[in-house]
Amino acid sequence: MDAAIRTQGLGKRYGETVALNSLDLEIAPGEVYGYLGPNGAGKTTTIRLLLGLHRPSAGSAQLFGIDAAGDPVAAHRRVAYVAGEPFLWPALTSAETFEYLARLRGGADVAYREELVRRFKLDVDKKVRALSKGNRQKVQLIAALASRAELLILDEPTAGLDPLMEVAFRESVGEAKERGQTVFLSSHILSEVEALCDRVGILSGGRLVDEGTLEQLRHLSAHVVDVTFDGPAPRLPELAGVRVRRAGENALRCEVSGAIRPLLAALAEQPVVALSSREPSLEEIFLHHYDSGGEGEKALPLNLPRVGDGGGGR
Amino acid sequence: MAAARAIARRSFADGRARNLSFALFFAVMALIQAVGYEHSYPTVKERLQFAASFGDNKAIRLFYGVPHDLVHIGGYVAWRSGGTLAIFVAVWGVFAAVRARRAEEDSGRQELILAAPLSRRTAFRAALLGVLGGAALLWLATWLGLLAGKLAAGPSAYLALAIVSVGLVFVGVGALVSELAPTRRLALGLGMIVFAVALALRIVADTSGALEWLRWASPLGWAEEMRPFTGARPAVLLLPAAATAGLLYAAARISLRRDVGTGVFSSGDRAAPRLRLLGGPTRLALRSERGTLAGWFAGIGLYAIVIGLLADTFSTANISQTLREQLHKLGGATIVTPTGALGFYFLIFTFAISLFACAQVSAARHEEAESRLETLFALPVSRRGWLGGRLALAAATALVLAMAAALLAWASAESQGSHVDLAAMLEAGLNCMPSALLFLGVSALALALVPRATALVAYGLVSVLFCWYLFGALLGVPQWTLDLSPFQHVALVPAQPFKLAEALVMLGLAALAIVASLWAFERRDVLGA
C-alpha cells in the first residue's frame, strides 16, 4: 500500500532563502501526523509543495504514490485541504461556497456536512464577506471534513476558533481518524497535537529536527527532575548530560538526558526536601529544540501568537 | 501632525506606480503633440488649410472636443492633448481616490489606522492629500512636457491646470462613491458610470450645435471652456474648484457618520443560496464578473449608438480633398461616407475590446493575488483548465461585445436613414477580434511569466501601442517602428477591406502566446499579492 504522504529530499528555496531543506517524510494511511514548528519554520511551504501549489527546488513529494507536482489533479481527488488563512469567495454565502467546492470535487457527504454545520454553529446564509475570520475558517473546515477525502491536510486549522469550536474540531478529527482517514495537522497548539496525533515531526529552520511517536520523543528527550531544598538552592557541580535551571528561591529544575545517577550522587549531600521526576511534556520537547537546534531561534513562550505563519513562507 | 503625514505619505506611495505611468504618459503626450504639429504642418499655409478643414468636423470633435485655434501651435496642442488627457485624468481621479479610500477599507486596513490615536477627519484628509500629491505630479509632468515642446511657460501651466482640474473633480467623485459603495468594485463601477455620463455629455455638446450648452454640465466640458492658449478664461476654474470642494465635503461628512467597513448602500450580508453558475471556475467567473461585464456592455453599447447617430454627419458634397488628406494624417481613411465614418470610429472599438481582453486577464490575476487560487488548486482542478476557461470566457465575451457594438451602430445609423451594409458592419465587429485576441494572449503570457506585473504589462502594452499607432505617424519616424503596433495592421473596416493575412498572423501569434501561457502557468508557483 502506498504511503499517504511520502517526500524524498524535498527542498524549496525562494531566491536566496532556503525555506525547506531535504525533507523526508513517510506517513501511512490512517495515521494522524502532527507537524510542529515555529513561525517561518517551513510548515506552510511543506504543505504548498505537497499540494503542488509551489514547485520543489529539490526532491519530490507523492500523495498515495501520485507525484504532487506531476499530476496534482489526480492527487487532489483524494485530498482535502484547510489553509491557514481562509481565502474564499467573498460574494458567495457559506451554503453557496459548500455547493461550489463540492461540485469542484465531484461530491460531498451532505448529511455529514449538515451535522457539521450544526456542530460548528455556522449560519450558512451569510455571505463570506460578512463572516469573521473564525467563521470563515469553519467554512473551510466543514467543506474539507464533509468531503470525506482520504487525506486531510490541515494548516493551523483552529486559528481563530474559540475554545468551544476547538472541542468540536477535535471531535471531528477523532471521527475522521476512526473512519480511517489520514490527517496531516500542522499546528502551534501543542495540547491539540498531543491529544490527536499518533506521530509528531518537529520542523525548525526548514529542517525536520525530530520525529516519532510522543513516547519515542519523550524517551529520547531529557527527563525533568524538580528538586526542592530546605533553604536556598545550592550550586551543583557541572555534570555531563544535565542542564540545571533555577526554579524559584529554593528549587532547581534539572533536565537529564542519559544516566540520572550522577545527579542523584550530587544531590545526596544536599538538604533535599522534595524530589520529583517526570517525562517531559511536548511543550518542553518543543522548546528544547528551539533552544538548541533551530538556527538561533530563541525559546518561545507557550501559546505562541498564531497569526502570520501562513505568509511566513512567502 | 505625524500620523497625518504618515498616512498621506502611505497613500501617495500606494499610488506610485499608477502616478508615475500616468505622469510619463502625460508628459509624452504633451510633447508629442507639439512636436507632431511642427512636423506635420510646418508652414502657415498648411496650418490654415488644416484649420479650414477641421473647423466644424464632428467626427474629430467626438474624440478631441471643439478646436478654437488650429493655426497656432498652442491652440492645436490645447485641443489635441487637452481633450485626450482630460479623459485619462478623469479615469485616474476615480481610480486614485477609490484606491485611497474604499480599497483601504475593503482590505480591513482602515480599521487598523482608525484604531490609532487620530480622528477620522484627519485620516480622510491625509489619504486624499496623498492623492492630491499625485495630481500635482501629473500637473508637473504635463507642464514639463509642454515646455519641452517649446510652448510658453505661463499658458502651458494653465493648460496643464485645466487638464488636471478634471482629475480633481473626479478625485471628488471617487471619494464620494467610496463612501456610498461598500466594496471597491462597486465604488469603481459607480465612479466609471459618472465618468461615462460626463464624457457622453461633452460629446453631445461638442457634436450637436443645438445642445452646446450641455458642455457646462460636464467637468470635461469645463476644461474646454477654460480655453487655454485661445483666450484663457481662468474664471471657469471656479467650477471644478467648487465641484471638487463640494464632493469632498460631502464625502467627509458621510465618512464621519457611518460605521467603518460599511457604505451608504449597504450590501445584503445574508442571502438564500442561489446555485446557478457554481458548476466550475469559469462559470463562477461569469457569475462574479457579471457586474463588470454589464458595465462594458453599457459603455460600448452607448458609444456604438452615438457613432451610429453621427455616421451621417459627413456628406460628400462639402468635403474637400484637403480634409481627406488631413484625416489620413490622423489615422483616418476615407471618412466621407457613413460607412467610412463608421470605419474610422470603429478604431476605438478595436482598442476598447483589446483593453477588455487585458482587463479580463487582470481579473484572473486578481483571483490569484487574493490567494483564492490556493483554495482552488488544492481541489481536483487543473491549472490549465482554470486559465484556459478564463481565456475562453474572455474571448467569447469580447466577441459578443464586438458584435453588439457592430449591430447597435448599424441599427442606430439605419434609424438616421444612413444606409450601411449590415454584413459590412458585422465584418467591422469581427475585425476587432484579431488584435483583441493577440492582447489576450500577451496578457496571459504575462500572467504566466511575470504574475505580479500582469496588469502593468497588459494595460501598459495596449495603451502605449495604441497611442503609438495614433500619434507616432505625426513624428515622421521610420515606418518599421510604426509597424510594431498591432493596430497598424488592423484595417478600418468597413471603410477599408478586411486585412486577412495580417489578421491571420495576429491570430497565429495569439494562439502561440496562449499555448505558451498555459504551459508556463502549470509550471510555476502560485503567487499571492
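What percentage of the 314 residues in chain A do buried residues make up? In this predicted model, buried residues account for 44% of them. Chain A contains 11 helices and 14 strands, and its C-alpha trace spans about 70 × 40 × 35 Å along the principal axes. Of the contacts in chain A that link residues at least 6 apart in sequence, 70% join residues at least 24 apart.

**A helix pair in chain A**

Helix H4 of chain A (residues 110–119) packs with helix H5 of chain A (residues 133–146) at an angle of about 150°, and the two axes are 9 Å apart. Angles over 145 degrees count as roughly antiparallel, and H4(A) and H5(A) are therefore roughly antiparallel to each other. The crossing of H4(A) and H5(A) is right-handed. The residues that meet are listed here.

| Helix | Residues in the contact |
|---|---|
| H4(A) | Tyr112(A), Arg113(A), Leu116(A), Val117(A) |
| H5(A) | Ile142(A), Leu145(A), Ala146(A) |

By class, the residues of the contact of H4(A) with H5(A) are 6 nonpolar, no polar and 1 charged.

**The contact between chains A and B**

Chain A puts 29 residues into the contact and chain B puts in 28 residues. On the side of chain B that touches chain A, helix H12 (281–288) and helix H16 (372–377) of chain B each supply at least two residues. H16(B) gives the most to that side, with 4 residues. The residues of the side of chain B that touches chain A comprise 12 nonpolar, 7 polar and 9 charged.

Methods:
Residues are numbered from 1 along each chain as its sequence is written. Chains are lettered from A and ligands numbered from 1 in the order in which they are written. This is a predicted model: local features need pLDDT of at least 70, side-chain atom pairs count only at pLDDT 80 or more; totals for chains, interfaces and linings use all residues. Axes are lines fitted to C-alpha atoms, for helices over the stretch in contact, and angles run from 0 to 180 degrees between N-to-C directions. Angles under 35 degrees count as roughly parallel, over 145 as roughly antiparallel, 65 to 115 as roughly perpendicular and the rest as oblique. A crossing is left-handed if the near helix is turned anticlockwise from the far one by less than a right angle, and right-handed if clockwise. Two residues are in contact if their C-beta atoms, placed from the backbone, lie within 7 Å. Ala, Val, Leu, Ile, Met, Phe, Trp, Tyr, Cys and Pro count as nonpolar, Asp, Glu, Lys and Arg as charged, and the others, Gly among them, as polar. A residue is buried if 20 or more other C-beta atoms lie within 10 Å of its own, exposed if 12 or fewer, and partly exposed in between; C-beta atoms are placed from the backbone.
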